[in-house]
Amino acid sequence: MEQTLSIIKPDAVAKNVVGKILSRFEEAGLRIAVTKKIQLSQADAEAFYAVHSERPFFGDLVEFMISGPVIVTVLEGEDAMAKNRDLMGATNPKEAAAGTIRADFAESIDANAVHGSDSVENATDEINFFFAQREIC
Ligand code: CMP
C-alpha cells in the first residue's frame with residue numbers, strides 16, 4: 001500500500017477546518033495511518049523545505065510554516081501520492097480546480113492550506129522526517 005505525507009498548514013489550522021480536510025482524504029478512500037499536531041521550529045521548516053532554499057520565496061515560506069501549528073499526517077492507500085495531489089489542487093489556489101482543498105480553503109500561494117509529497121521517493125523522506133516507523137500503523 002502506498003504512503004504519502006500531508007501537512008495541513010497554519011492558515012487552515014487557524015481557520016478550524018482540520019476535520020473537514022481530513023474527511024476529504026477519508027472520503028476519497030485514503031486511510032490515516034498516523035497524524036499529529038506540532039509547532040515547527042525555524043530549523044525544522046528550513047530542513048523540511050531545504051530543496052527550495054535557493055528559491056526567492058524560501059524565507060517567506062519558512063516564516064509562514066512556523067507562524068502556527070500544523071497537522072502532519074501519513075495517508076495510505078492505492079496511488080496515495082497522486083490521489084492526495086488531486087484532492088489538494090494546484091499550488092496556487094487561484095489556479096486550483098473547483099472542489100479541491102486549495103480552491104475551497106486557501107487564500108494565496110503562500111497560505112495554500114496544505115502540502116503533499118510530490119513523488120513516492122520524496123514521500124518516504126518526508127514521512128521519515130516526521131515519524132518513527134512504529135508510529136505508522
Ligand atoms: P508546498 O506544496 O508546501 O511546497 C512549497 C511551497 O512554497 C508551496 O507549497 C507554496 O506554498 C510556496 N510557494 C510560494 N511561492 C511559490 C512559487 N512561486 N512556486 C512554488 N511554491 C511557492
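These points cover the sheet, the helix packed on it and the ligand site of a predicted model.

1. Sheet order. The model contains an open sheet built from 4 strands, arranged E2-E3-E1-E4 with antiparallel pairing. Its edges are strand E2 (31-38) and strand E4 (114-116), each of which pairs on one side only. On average, neighbouring strands of this sheet are turned by 20° against each other, direction ignored.

2. The E2 and E3 pair. Strand E3 spans residues 70-77 and runs antiparallel to E2, with 7 bridges joining the two. Within this pairing, Ile38 stands opposite Val70 in E3.

3. Helix on the sheet. Helix H2, residues 18-27, packs on the sheet and touches strand E1 (2-8) as well as E2, E3 and E4. The direction of H2 makes about 160° with that of E1.

4. Ligand surroundings. Twelve positions need checking in any view of the site: the ligand is surrounded by Lys9, Tyr49, His52, Arg55, Phe57, Leu61, Thr91, Arg102, Ile109, Asp110, Asn112 and His115.

5. Oxygen atoms of the ligand take part in the following pairs. One lies 2.7 Å from a side-chain N or O atom of Lys9. For Arg102, the distance from a ligand oxygen to an N or O atom in the side chain is 3.4 Å.

6. Ligand cover. On its own the ligand has 460 Å² of accessible area, and the protein covers 79% of that.

Terms used
Residues are numbered from 1 along each chain as its sequence is written. This is a predicted model: local features need pLDDT of at least 70, side-chain atom pairs count only at pLDDT 80 or more; totals for chains, interfaces and linings use all residues. Side-chain values use heavy atoms; hydrogens and water are left out. Two strands pair if DSSP finds at least two bridges between them. Axes are lines fitted to C-alpha atoms, for helices over the stretch in contact, and angles run from 0 to 180 degrees between N-to-C directions. Contact means heavy atoms within 4.5 Å. A residue is near a molecule or strand if one of its heavy atoms lies within 4 Å of it. A polar contact is a pair of N or O atoms within 3.5 Å; within protein, one must be able to donate a hydrogen and the other to accept it, and residues adjacent in sequence count only if both atoms are side-chain atoms. Accessible areas come from the Shrake-Rupley method with a 1.4 Å probe; for residues, only the protein chains shown count as cover.
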